[in-house]
Amino acid sequence: MSQTSEPSADAAVTEAPVAQSETKQSTAGKKQNKKKVEEVVEEEEEEYVVEKVLDRRVVKGRVEYLLKWKGFSDEDNTWEPEDNLDCPDLIAEFLQSQKSAESGGKRRAESDGDGKETKKRKDEPEKLRGFARGLDPERIIGATDSSGELMFLMKWKNSDEADLVPAKEANVKCPQVVISFYEERLTWHSYPTEEEEKKDDKN
Amino acid sequence: MPTENLTDKRMSKFKNKGKEPTKMRDRRIAECVELRKAHRVESILKRRNISSFGDEEPLSPEFNTDNEQVISATIQEIVASVNTDSPEMQRQGCQAARKLLSRERNPPLKEIVEAGLLTRFVEFLGRNDDPMLQFEAAWSLTNVASGTSWHTQQVVEHGAVPAFIALLASPMLNISEQAVWALGNIAGDGPSYRDALIDCGIIPALLARLTPDAPVGYLRNLTWTLSNLCRNKNPFPRFSAVQQMLPSIIQLLHHGDKSVLSDACWAISYLTDGPNERIDVVIKTGILPRLVEMLGFEELSVVTPALRSIGNIVSGSDLQTQAAIDAGVLSALPQLMRHPKSSVQKEAAWAVSNIAAGPCQQIQQLITCGLLAPLVDLLRNGDFKTQREAVWAVTNYTSGGTVDQVVHLVKCGALEAILNLLQVKDTKTVLVILDAISNIFLAAEKLGEVDKLCLLVEEVGGLDRIEFLQNHENNTVYRAAQALIEKYFSEVGVAESHLLASFRNPFVFPQRSP
């Protein structure tokens with residue numbers, strides 16, 4: 001029978017040690033009593049992950065590191081003897097940051113406020129518009145660039161509702177429709193001949 | 001010039017020829033009205049956040065959203081719908097889930113997961129025959145993955161990753177975009193999922209969608225996801241992945257859209273936040289001039305990551321710092337030190353402090369580019385975090401600078417300014433200041449002007465402050481203060497000075513190369 005104990009920070013810095021709950025004698029015939037030791041239990045395989053090494057100290061000749069645990073707040077930081085630890089990268093990073101403070105004085109960034117969200121929820125109801133509606137373009141009935149980008153007002157087949165599409169998209173997806181639109185609206189300016197120019201000047 | 005052989009049909013299509021003026025006028029008016037209407041509809045939709053197209057019967061009453069019972073009843077209905085074989089019902093259920101998950105307050109992420117819906121959603125991702133269904137499922141999963149690590153884990157463990165990566169190639173842009181977004185959330189959870197995605201081939205799949213005709217909204221999402229793939233340390237993303245992504249990131253750093261620029265720059269800031277080898281990889285792309293350019297942008301969202309990147313780079317080796325200087329960073333820093341936002345001032349001061357930690361040639365460039373006056377300003381007037389960085393700049397400067405350079409700094413008012421900061425509560429800062437004072441005195445010794453300096457310190461009230469620090473609770477502080485007083489401000493008898501000599505050895509001044 002094994003008891004599950006309250007996982008302590010000491011116990012599980014990398015893997016939880018699996019402790020023996022019984023010992024066996026190799027002597028034939030003799031049955032070893034199964035010892036149920038209160039403290040020696042089979043640990044749950046809970047992993048406590050070190051997030052960062054914050055500090056270093058020497059206590060009674062032993063090197064200890066101050067650890068920040070992932071998923072725990074700073075109030076739960078603990079000092080752990082270095083022999084218990086299996087996070088060489090984090091220790092190296094800490095030592096490096098200490099070193100660069102001393103040699104030459106360069107100091108790395110503190111990652112306070114990285115500023116960019118790590119995850120984003122999409123909370124706008126999707127207004128399916130333009131080509132995303134999956135309809136076939138019928139013809140363009142207008143154009144505007146008041147938004148800063150040239151947009152066409154598109155009439156779709158089998159729909160009464162026209163909406164705006166970016167010209168960039170339309171140019172690729174339905175070039176003929178775009179060409180028709182422009183052709184319908186072409187005006188030709190006739191260049192004045194020499195005689196007409198002279199006439200204008202006089203006016 | 002119009003040709004002679006136009007058919008009547010095409011003739012009639014031409015704008016003005018062959019049409020009656022009134023008809024043309026009517027048409028123009030109708031068009032104008034249509035355009036205005038479309039615009040108005042758009043802005044109304046934006047304001048009210050309502051979907052006007054294809055509004056099917058919502059399964060969840062949109063108004064009564066806070067009631068737990070209503071939610072769980074709704075979720076039950078959703079479960080029933082998505083488990084049918086009817087595509088119509090599946091779509092409805094999925095959409096209802098999506099609406100729940102995308103509402104403003106308290107979306108029921110956990111409840112959706114616990115209802116066992118993720119399996120079906122992931123299944124729906126593969127339904128190429130039903131894009132609407134794919135889209136709703138993708139959106140729902142995106143929002144679940146946007147929660148805590150637990151939520152993201154649920155999404156991943158239900159097998160969403162390969163399905164999403166496949167969807168990146170979807171011909172339907174909105175579906176591909178949704179996959180980009182979902183994967184961005186997963187990557188952003190931490191280094192393990194980030195690396196798992198990279199192992200699944202996310203990078204080539206993403207880069208394949210980076211085309212010149214990609215709409216801005218799509219590009220924004222893509223850039224953000226790329227930045228999450230560059231993010232996090234312990235461990236850093238592997239070099240081969242970084243090499244794959246960098247050229248595209250550089251490309252995006254020249255894009256016109258500010259959001260794209262900002263996210264691409266954040267990616268650079270993550271990539272430069274590491275050991276010097278990481279910084280080298282970025283510098284080799286030749287991006288430095290563009291980063292410096294971005295320092296001068298109006299938009300804070302661009303300046304912040306650009307400054308962070310530059311700050312990271314100058315925290316590297318002297319060579320790397322020189323590369324930044326050569327790219328013109330010193331001419332951009334003064335205005336950043338005067339930026340209205342204090343966080344920008346702080347980061348600028350931090351960058352200066354690291355440049356000041358370099359060789360005296362680089363310190364000289366600080367002088368010639370006019371960085372000292374703004375630095376002293378920050379010492380006097382910056383908020384505390386900024387002052388702290390500025391103090392480091394002074395200490396580093398006085399440590400590595402020549403005697404002349406140190407004298408110059410004192411003349412700019414830096415000594416007085418740091419003496420005024422001796423009363424701050426932050427012990428570390430006090431120690432750094434005492435270090436700087438000590439360095440300045442060492443320079444004075446070389447010039448034989450210690451007395452002058454003592455007078456100066458006394459005049460500005462610095463002596464009082466240092467004396468007071470001899471009572472400080474922190475050992476290191478009071479010992480450092482004591483040492484200064486004893487060495488420079490006390491009338492020490494000959495016998496005692498011998499004693500001091502044997503304790504502290506250096507009446508031999510460290511020779512610094514000019």
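Reader: What share of the 514 residues of chain B count as buried?

Author: Of those 514 residues, 50% count as buried, where buried means under 20% relative accessible area, exposed means over 50%, and partly exposed is in between, with a 1.4 Å probe and protein chains only. This is a predicted model, in which local features need pLDDT of at least 70 and side-chain atom pairs count only at pLDDT 80 or more, while totals for chains, interfaces and linings use all residues. Residues are numbered from 1 along each chain as its sequence is written, chains are lettered from A and ligands numbered from 1 in the order in which they are written, and side-chain values use heavy atoms, with hydrogens and water left out.

Reader: And chain A, what percentage of its residues are buried?

Author: In chain A, buried residues make up 31% of the 203 residues. The accessible surface of chain A comes to about 14,200 Å², with 46% belonging to carbon and sulfur atoms, and chain B exposes about 24,100 Å², of which carbon and sulfur supply 53%; these areas come from the Shrake-Rupley method with a 1.4 Å probe, and for residues only the protein chains shown count as cover.

Reader: How many helices and strands does each chain have?

Author: Chain B has 31 helices and zero strands, whereas chain A has four helices and six strands, and the order along chain A is β-β-β-α-β-β-β-α-α-α. Helices (H or I, at least four residues) and strands (E, at least two) are DSSP runs, numbered from the N terminus.

Reader: Staying with chain B, which residues of helix α6 are buried?

Author: Helix α6 of chain B, residues 117-125, is mostly covered, with seven of its nine residues buried; they are Leu117(B), Leu118(B), Arg120(B), Phe121(B), Val122(B), Phe124(B) and Leu125(B).

Reader: What covers them?

Author: The cover on the buried residues of α6(B) includes α3 (68-82), α4 (87-101), α5 (109-114), α7 (131-145), α8 (149-157) and α9 (160-167) of chain B, where contact means heavy atoms within 4.5 Å.

Reader: Now over to Glu80(A): where is the nearest side chain of opposite charge?

Author: That side chain is Arg62(A), 8.1 Å away, and Glu80(A) is buried yet has no salt bridge, a salt bridge being a side-chain nitrogen of Lys or Arg within 4 Å of a carboxyl oxygen of Asp or Glu. For charge, Lys and Arg count as positive and Asp and Glu as negative, while His and the chain ends are not counted. Glu80(A) lies in strand β3 (residues 78-81) of chain A.
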